[in-house]
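Colleague: I'm new to this one, could you walk me through it?
Modeller: Gladly, let me put it up.

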Amino acid sequence: MESEQLFNRGYYRNSYNSITSASSDEELLDGAGVIMDFHTTEDDNLLDGDASSGTNYTMTNGGNISSSTHLLDLLDEPIPGVGTYDDFHTIDWVREKCKDRERHRKITSKKKESAWEFTKSLYDAWSGWLVVTLTGLASGALAGLIDIAADWMNDLKEGVCLSALWFNHEQCCWGSNETTFEERDKCPQWKTWAELILGQAEGPGSYIMNYIMYIYWALAFAFLAVCLVKVFAPYACGSGIPEIKTILSGFIIRGYLGKWTLMIKTITLVLAVASGLSLGKEGPLVHVACCCGNIFSYLFPKYSKNEAKKREVLSAASAAGVSVAFGAPIGGVLFSLEEVSYYFPLKTLWRSFFAALVAAFVLRSINPFGNSRLVLFYVEYHTPWYMFELFPFILLGVFGGLWGAFFIRANIAWCRRRKSTRFGKYPVLEVIIVAAITAIVAFPNPYTRQNTSELIKELFTDCGPLESSQLCQYHSGMNGSQVVGDLSDRPAGPGVYSAMWQLSLALIFKIIMTIFTFGIKVPSGLFIPSMAIGAIAGRIVGIAVEQLAYYHHDWFLFKEWCEVGADCITPGLYAMVGAAACLGGVTRMTVSLVVIVFELTGGLEYIVPLMAAVMTSKWVGDAFGREGIYEAHIRLNGYPFLDAKEEFTHTTLASEVMRPRRNSPPLAVLTQDDLTVEDLESIINETSFNGFPVIVSKESQRLVGFALRRDIIIAIENARRKQEGIMRTSRVYFTQHAPSLPADSPRPLKLRSILDMSPFTVTDHTPMEIVVDIFRKLGLRQCLVTHNGIVLGIITKKNILEHLEELKQRAEPLAPPWHYNKKRHPPSYGPDGKPRPRVNNVQLNPALEETEEEVHLLNSTTL
C-alpha cells in the first residue's frame, strides 16, 4: 500500500470499457469553462494514480517491443489496447522510441523482398516530410484567413464599405480619387455608423453614435467568442502555449489538438481580436498550427501509432505557427527549440525549418497585409545607432524586466483568485465585463481605439515625407511652420506633445487591461500586448532622447555623434527595442526573440541593441523569479512538467523522496508466479495504483520487472474473451515458462508480454540531483528504488515535483502551493481543521498528513 492514493478518472477499477473510452470536451466543461480533473487522472505517480512524463519500459506483444529479451514473445498474439495511454496520462518515451526502432528494422528487412515493400519503405521515409508539408500549407492558409477576417471585423466596429461590404477601411479607399494626404483614410465609399444612422459625420451626436456602435460590436464579438468556446470547444480558450509545452513533454490531453478545437479556435480568435480586447493572435496561432499537425499525423501510421513520433510533428508545427504569426521562419524554428520543445532531434530541426518555410511561402502568396511582405511591421531606418544609445536601450531592458516580473505575479495572482472564488464560475460574465471596460475606456484615445498591430506599426515607423501621424508633427528649423518630411532632428510640435500624453495614458491602460485579459475564456495571446506596451514606452523614451539631443547637442554624450541639423536619434528604433525588451521580460526568451524581432521588422543592423535590451530584461526579470509566464501558468494549472531550466542544488537522497515513506503501509507488489486471477483482481480493486513492481516471491523481494495497472486489466479482459479455461482460480505468471501445477488446475494466464523486464532503478543512496537530471533527460515516468536488488519503493515524476515544491516552500515560507489545493481546508490548516505547526514561521507539512488529506489538482481554468 502506498502513502498517496489518488483515484484514476477515466475508468473504474477493472472496467475495460471505461478504460478505453477517452474523456470528451463536454465532460470537462462546467459553468466556469474548462475543468481538467487532474485529481483523478493525472499520471505523474504510477503507484499513486498520477501522471509522469517519460519512461516506463512496459513490454507489449507484437510490434511493441522495447528489449531484445522479449523476442520469444513475438510468437504470442498481440493484445489490443496494451501500450496505449489514457487521457491525462504521460507517454513512455523509451517504449515509444523502441517501438519505432523495431518498426524501422522491420521495414528495412523487408524492403528487398519485393517492389511493393520497397515502395512502402519509401513512403515511410517520406511520410515525415509529407506531414510537415501539409501542416505548413494548412497553417499558412489559416493564418492568412485569420489576418484578413480580423482586419475586416475590426474595421466593422467603426463603419462599413458601401461599395464592397467585404472590404476593410484601407481597401475601401484604395481606388478612391477623393482622398487627401492629410486625411488619406477618408473617402465617400467608407461610411461610419453615425453617417449611416444619423446622416451626419461630425458633431457630438455623431461621436456618441460611433461610441455606442463601437461598444456594441465589441461586446457582440466578445460574447459570441466566449459562447462558442464554452459550448463547443472549452480547450480553444487561452494562448495554448503552456499546454503545448506540456503535451510536447509527453502529457496526453485528448481533444486539445482536435478538429473541433481547431475550428472553434480559428473562428473565435478572429472574434476576440476584433473585439478590441488587449490580446493578440500570435500565441493562439501556435495552437492552431499544432492542431493541424496533430490532425495530419493521423493520416500516417508512423505517427498516429507512436506518441513520441507525433511530438516531433508537433514541434515542427509550433515552428510553422510562429513563422506565420510573425513572418519569421527562422525565429519560429528557434522558438520551437528554445521555448516549447522537450525532445528536439536533428531531423526535427530540419523538418521544423521546412514546415516554417512552407507556411511562410503560403502566407506570402496570400499577402493578407497588402504590402507584398510577410509582416505588418516592416520598417526601414535611415540612420545607424550610436554607442551612447546603449544606455537608454539598457534602461528599456530594465523596464521590460520589471514589467515582466510585475505582470507574471499580478496575472498569476488574479488567475489564482479566479480559480478559488465564485467569480471563476461565470466565464461569460467575466469576458463581457472585461470587453465592456476595454471598449469604454479605449474609444476616446486614438492609440487604444485602433488595432494593436496597427498601433505597433505606427510606433515602429520612422517619421518621413509620407507620414501624417501625429507623432511626426515636428516644427521646421527654418520657418517654424509645421512640416512633414524633414528627416533631421527638430523640435517637437504640439501634435507630438499631445501624442506623448495620449501614449502615456495608453501605456497605463494596456498594462492594467492585459493583466486581467490574459486567461479569460477566449483565445488570447500575449505577444502583441507585451510588444505594444514596450513599443509605447520605447517611443516615449525615443522622443525624449531625440529632444534632449536637439536642445543639448553640445553635451558630451551627443557632441561627437549629433551635429546640428543632422538626423541622430530614431524614435522608432527605441519602440522596436522596447517591444523586444517587454516581450523578453514576460516570456524570458532570448535568442529566438531577437531573431523574431529582426525578421519581423527587417532591422538586421540593429541586432546589438536588441540583444542588449533582451538580455537586460531577462537578467532583471530573473532577479525576481526565473519563471516566464508560460512556466508560471504550467505550475498554476498543475501540469506534470519538469522544467529543464530549473537548477537542483539540494543534498537529498532518493530514499527521502521515494514512496512509501517511513511509517507508511508497505509497497504494493506482485509475485511472478504465486498469484491467481482472483488475487490479482483483488489487488487491483483494493488499490488505485497505476503500476506494480513484480518480485520473485514474498521472501526474496528480488525485482523481476514492472507491470502497469491498465495493461493488466486489458490483458485479463482480453484473455477471458479469447481464451478458454481462464477462471478466477487460474494461476497468473510473469515468467517465460509456466509453473508446475496440479493436473486438475485451470488453464494458467501468462502475462509476461506486458511485463517491463528492464525498469529503471536507482539505489536508495542515489543523490536526488542525479535522479532529477535522469528524469529530465530521459523523460522517465518512474524509477524504482532498490537496496542490494531488493525493492524498497518508487519515485515518480509527481514525487519529484512535490519534492521541488517542498524545497521551494522552505526557501519561501508561506508561499502558496502551485500544483494542488487542499480540499475543505485552507492550505494553512491540517486535515483536522486545526492550524498546522510552524517553526521559524515555516509551515510544516508532515508526511503523515499527506496520507490523510484529500488532495486535488487545480482546475485548468486559465489558458
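Colleague: How many disulfides does a search of the whole structure find?
Modeller: The search finds 1 disulfide, where the term covers a pair of cysteine sulfur atoms within 2.5 Å. Keep in mind that this is a predicted model, in which local features need pLDDT of at least 70, side-chain atom pairs count only at pLDDT 80 or more, and totals for chains, interfaces and linings use all residues. Residues are numbered from 1 along each chain as its sequence is written, and side-chain values use heavy atoms, with hydrogens and water left out.

Colleague: Which cysteines does the disulfide join?
Modeller: Cys 161 is joined to Cys 172, with an S to S distance of 2.1 Å. Cys 161 lies in strand β3 (residues 159-161) and Cys 172 in helix α5 (residues 169-172), so the pair ties together parts that are 11 residues apart in sequence. Helices (H or I, at least four residues) and strands (E, at least two) are DSSP runs, numbered from the N terminus.

Colleague: Is Cys 161 buried or exposed?
Modeller: Cys 161 is buried at 0% relative accessibility, and Cys 172 is buried too, at 5%. Buried means under 20% relative accessible area, exposed over 50%, and partly exposed in between (1.4 Å probe, protein chains only).

Colleague: What about Cys 227?
Modeller: Cys 227 is partly exposed, with a relative accessible area of 22%.

Colleague: Changing topic, why is strand β10 largely enclosed?
Modeller: In strand β10 (residues 703-708), 5 of the 6 residues are buried, so the rest of the structure largely encloses it.
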